[in-house]
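I opened the notebook to log what surrounds each ligand. My notes follow the order in which I looked things up.

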Amino acid sequence: NALENSKQLMSLLKHLKVQEQNHAFWDTQPVPKLDQVIEKNGPIETKTLDDVRKEPLSLPPQFEWSTIDVNDHAQLMDVYTLLNENYVEDDDNMFRFDYSVAFLKWALQPPGYLKQWHIGVRVKDNKKMVGFISAIPATVVVDKTENIKMVEINFLCVHKKLREKRLAPVLIKEITRLVNLENIWQAAYTAGIVLPKPVATCRYYHRSLNPKKLVEVGFSQIPANITMSLLIKLHKVPEATKHAFRPLEKKDVPSATLLVQKYLSKYSLAPTFDEHEIWHWFAPLKNVMDCQVLTDAQGNVTDLFSFYTLPSSIINHPKHKNLKAAFSFYNVATSIPVAELMQDALTVAKNNEFDVFNCLDIFENNQFIKDLKFAPGDGNLQYYLYNYSTPTKKSADIGLVLL
Ligand SMILES: CCCCCCCCCCCCCC(=O)SCCNC(=O)CCNC(=O)[C@H](O)C(C)(C)COP(=O)(O)OP(=O)(O)OC[C@H]1O[C@@H](n2cnc3c(N)ncnc32)[C@H](O)[C@@H]1OP(=O)(O)O
Ligand SMILES: CNCCCN(C)c1ncc(F)c(N2CC(C(=O)NCc3cnc4ccccn34)C2)n1
């Protein structure tokens, strides 16, 4: 048990290292400390509009703030290019997310969006975009009781050449200021890194749909002593769905809204969606959003699956330039088992040329992850709330998906 002891020692040291970290920026923010134990729910600080700075945070002299109008194609292209070249990569720098232009427009313009919450940083001389952060409005329910008007923060990005110059805290403080000016004091966000203080730590799972390509690009390894042809056979999915799924239509929105609302109310961290939001987030949109439903004899939606399209650039690969990934969004099964719902989602994804289908271990996803041959990924996704204390949640308590 020497091995056991050393393992325990290693995990203790890791834990201490995390505790030891000093967060020069985050320790000044209304978020719980990493070693804080939280008993009850509530805002961490309360401020009024009088406390909010009226003028923008100051940037280093060579940069300027630039509110991005995502209806202006040139400005939207600037955001696309900044993220395509500088956004999230895996730990081995083999892949980088390639959120599409259509995806970004969809993600940034839900009902009630504000264009002043799409914040860019440009170099004064040549107007090159070197930084971005966004907020969109959302109502989030915490522990099934508190309905909180919040924002969801996403697409924080600083150009690779300007990293570790403390620009991120300036972007975060500026978006906080502009959200506070609208009398909103809480936010939800996710990240692949540990910060003060995760509400939940979730894991990614991947279901190979094109195992040959995934092995070729290094996304997955071929397991020892099995051949590629056997690997392909093991990952075959039915060519047709088992159930009569069809794309969501506008006429489905009233019943789909009731179905999704009822389902999400079971979770300890979940959004509420009104009919406008349901149509925005779930309306099928090519290369962005797939959503299919089953209905009963009265035409009411009884089952729904949805996934979003998030390709990754494959960095410096001779043969493959992109990985086409589907990310599970919101899924509700009431007339069929959830494993059959998701099996049909895999079939639709495979038929649409996706290479991999990703999901987190949130919702009741653990009920199908094994049976449908998902494999655990190397990435964790940490969920956070800004200016709101709540006891840590298990992944299965989470009912919120950020893009
Ligand atoms: C009420 C309204 C409130 C609204 C705001 C709510 C909060 C929103 C919070 C944002 C939610 C974003 C959600 C998403 O979009 S998650 C995706 C984030 N984007 C990427 O990972 C893309 C690639 N990376 C980059 O572009 C840069 O590395 C970024 C911009 C991420 C950091 O730039 P850089 O590497 O050049 O570092 P720095 O010297 O400027 O700054 C260092 C400080 O920044 C802290 N840091 C590093 N990464 C993150 C991160 N992902 N969330 C929060 N904080 C982060 C770090 O702990 C340190 O603080 P402290 O440890 O010393 O204290
Ligand atoms: C704020 N928004 C959070 C969502 C951003 N999302 C989707 C994200 N944040 C951190 C991750 F760890 C992650 N993972 C999906 C899993 C995965 O697919 N890993 C292999 C891989 C393929 N391509 C890439 C690109 C970047 C990172 C890993 N990649 C890990 N996803």
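I count a polar contact as a pair of N or O atoms within 3.5 Å. The model is predicted.

**Ligand 2, contacts.** I began with the backbone. I found a backbone N or O atom of Leu-403 at 3.1 Å from a nitrogen atom of ligand 2. I then turned to side chains. Ser-312 places a polar side-chain atom 2.7 Å from a nitrogen atom of ligand 2. Tyr-204 has a polar side-chain atom 3.3 Å from a nitrogen atom of this ligand. I also looked up the cover: on its own, ligand 2 has 620 Å² of accessible area, and the protein covers 92% of it.

**Ligand 2, shell.** I listed 17 residues around ligand 2. Phe-95, Phe-97, Thr-190, Ser-312 and Leu-403 come nearest. I sorted the shell by residue class and got 10 nonpolar, 5 polar and 2 charged. Which strands each supply at least two residues of this shell? I noted strand S2 (95-97) and strand S7 (200-208).

**Ligand 1, contacts.** Next I moved to ligand 1 and looked up its polar contacts with the backbone. A backbone N or O atom of Leu-167 sits 3.0 Å from an oxygen atom of ligand 1. For Phe-155, I read 3.3 Å between a backbone N or O atom and an oxygen atom of ligand 1. A polar backbone atom of Lys-165 is 3.4 Å from an oxygen atom of the ligand. I checked burial as well: ligand 1 taken alone exposes 1200 Å², of which the protein buries 89%.

**Ligand 1, shell.** I listed 33 residues surrounding ligand 1. His-23, Trp-26, Leu-156, Glu-164 and Arg-166 are the closest. By class, I sorted the shell into 22 nonpolar, 7 polar and 4 charged residues. Strand S5 (146-158), helix H4 (167-180) and strand S6 (187-191) each give at least two residues to this shell. Which element gives the largest share? I found that H4 does, with 7 residues.

**Surface.** Last, I left the ligands and looked for nonpolar patches. I logged a nonpolar surface patch of about 400 Å². Leu-9, Met-10, Leu-12 and Leu-13 make it. I placed Leu-9 in helix H1, which spans residues 2-20.

Definitions and conventions: Residues are numbered from 1 along each chain as its sequence is written. Chains are lettered from A and ligands numbered from 1 in the order in which they are written. This is a predicted model: local features need pLDDT of at least 70, side-chain atom pairs count only at pLDDT 80 or more; totals for chains, interfaces and linings use all residues. Side-chain values use heavy atoms; hydrogens and water are left out. A residue is near a molecule or strand if one of its heavy atoms lies within 4 Å of it. A polar contact is a pair of N or O atoms within 3.5 Å; within protein, one must be able to donate a hydrogen and the other to accept it, and residues adjacent in sequence count only if both atoms are side-chain atoms. Accessible areas come from the Shrake-Rupley method with a 1.4 Å probe; for residues, only the protein chains shown count as cover. Helices (H or I, at least four residues) and strands (E, at least two) are DSSP runs, numbered from the N terminus. Ala, Val, Leu, Ile, Met, Phe, Trp, Tyr, Cys and Pro count as nonpolar, Asp, Glu, Lys and Arg as charged, and the others, Gly among them, as polar. Patches are made of residues with over 30% relative accessible area and no salt bridge: like charges are joined within 9 Å, nonpolar side chains (Val, Leu, Ile, Met, Phe, Trp, Tyr) within 5 Å. A salt bridge is a side-chain nitrogen of Lys or Arg within 4 Å of a carboxyl oxygen of Asp or Glu.
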